[in-house]
Amino acid sequence: MDGLTGFPQAIGAVYPKTGIQQRIIHQIRDSTKFVSYKDIKNLMADLKLVYAAPTEGTALQELELFGEKWDSKYPKIYKSWHDNWATLSTCFKYPEGGKAAYPHNQCDRRL
């Protein structure tokens, strides 16, 4: 249900304490659709520092560094991660990156 318009609001209206987690793999696929082949390896290495960070604070710092490095060439990637952070970062609210809350993907097993 990633990207389903109104989904987080509808769930939140019925279950106000629910945390919505957007799948990281979907965000990565959307982010890298138009990245040049020559940039993809380096860009993905920098992006992995965001989603594989041990804490949300570290992830946010890495996201800012990612933005500083790549925003001039691929501004939509940083903006998308920043705008979707509320649903991308839910896994950081659980021990071991959501292992208990998301046993099937552990926040996409931090890829």
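Tutor: Axes here are lines fitted to C-alpha atoms, for helices over the stretch in contact, and angles run from 0 to 180 degrees between N-to-C directions. This is a predicted model, in which local features need pLDDT of at least 70 and side-chain atom pairs count only at pLDDT 80 or more, while totals for chains, interfaces and linings use all residues. Residues are numbered from 1 along each chain as its sequence is written, and side-chain values use heavy atoms, with hydrogens and water left out.

Student: How many helices and strands does the chain have?

Tutor: The chain has seven helices and zero strands. Helices (H or I, at least four residues) and strands (E, at least two) are DSSP runs, numbered from the N terminus.

Student: At what angle do the axes of α3 and α4 cross?

Tutor: The axes of helix α3 (residues 37-51) and helix α4 (residues 56-70) cross at roughly 155 degrees and come within 7 Å. The two helices α3 and α4 are therefore roughly antiparallel, a term for angles over 145 degrees.

Student: Which residues of α3 and α4 make the contact?

Tutor: From α3 come D39, N42, L43, D46, L47, L49 and V50, and from α4 come A59, E62, L63, F66, K69 and W70. Contact means heavy atoms within 4.5 Å. By class, the contact of α3 with α4 has eight nonpolar, one polar and four charged residues. Ala, Val, Leu, Ile, Met, Phe, Trp, Tyr, Cys and Pro count as nonpolar, Asp, Glu, Lys and Arg as charged, and the others, Gly among them, as polar.

Student: And how do α2 and α5 cross?

Tutor: The axes of helix α2 (residues 24-32) and helix α5 (residues 75-83) come within 10 Å, crossing at roughly 155 degrees. That makes α2 roughly antiparallel to α5.

Student: Which residues meet there, in α2 and α5?

Tutor: I24, Q27, I28 and S31 of α2 meet I77, S80 and W81 of α5. The residues in this contact of α2 with α5 divide into four nonpolar, three polar and no charged.

Student: Changing topic, how much of the chain is buried?

Tutor: Of its 111 residues, 35% count as buried, meaning under 20% relative accessible area with a 1.4 Å probe, protein chains only; exposed is over 50% and partly exposed lies in between.

Student: Where is I11, and what is its relative accessible area?

Tutor: I11 is in helix α1 (residues 7-14). I11 is partly exposed, with a relative accessible area of 24%. Leaving aside neighbours within four places in sequence, I11 is in contact with T18 and I20.

Notes. Angles under 35 degrees count as roughly parallel, over 145 as roughly antiparallel, 65 to 115 as roughly perpendicular and the rest as oblique.
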